[in-house]
Amino acid sequence: MNINITNRNDKVSPALREKIEAWLEESQRRYNVITSAQVTIEKSNGKEEVVEATVHATGKDLFAKATDENLFAALDSLAHKIDKQLAKIRDIQTNKKGAGVPVMAEPEEEIAEKE
């Protein structure tokens with residue numbers, strides 16, 4: 001997965017880069033459709049932080065924008081918005097007409113009881 005992080009007003013701190021990469025890796029692990037991501041951070045009109053993300057998933061390009069006075073709160077809001085879109089894509093892909101019903105694996109406890 002290719003991740004590009006840009007801060008228009010300043011350099012990207014290592015803590016900020018680590019938080020964004022951890023979020024994207026977790027989303028990739030959960031949804032398994034992300035191919036690349038572009039995250040842009042900008043300070044607008046005084047105190048507000050604006051965070052934009054364009055995530056390229058298989059077959060779709062997702063975009064979200066979040067604004068908050070606290071940069072990390074804006075990132076959390078952005079992550080929530082993108083994750084909702086990724087969940088919707090996953091649901092659409094797994095519930096297509098003609099696709100088989102996903103088989104649920106039996107819990108290990110039930111398998112042990114049968115033996």
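**View 1. The bridge between E42 and V50 in the sheet.** E42 has V50 of β3 as its bridge partner, in a predicted model whose local features need pLDDT of at least 70, whose side-chain atom pairs count only at pLDDT 80 or more, and whose totals for chains, interfaces and linings use all residues. Residues are numbered from 1 along each chain as its sequence is written, and side-chain values use heavy atoms, with hydrogens and water left out. Strands β2 (residues 34–44) and β3 (residues 48–57) run antiparallel and are joined by 10 bridges; strands (E, at least two residues) and helices (H or I, at least four) are DSSP runs numbered from the N terminus.

View 2. The order β1-β2-β3-β4 describes an open sheet of 4 strands with mixed pairing, where two strands pair if DSSP finds at least two bridges between them. β1 (2–7) and β4 (60–68) each have a single partner strand and stand at the edges, so one side of each is left without a neighbour in the sheet.

**View 3. Helices α1 and α2 side by side.** The axes of α1 (residues 14–31) and α2 (residues 71–94) come within 11 Å and cross at roughly 15°, the axes being lines fitted to C-alpha atoms, for helices over the stretch in contact, with angles running from 0 to 180 degrees between N-to-C directions. That makes α1 roughly parallel to α2, a term for angles under 35 degrees.

Definitions and conventions
Parallel < 35°, antiparallel > 145°, perpendicular 65-115°, else oblique.
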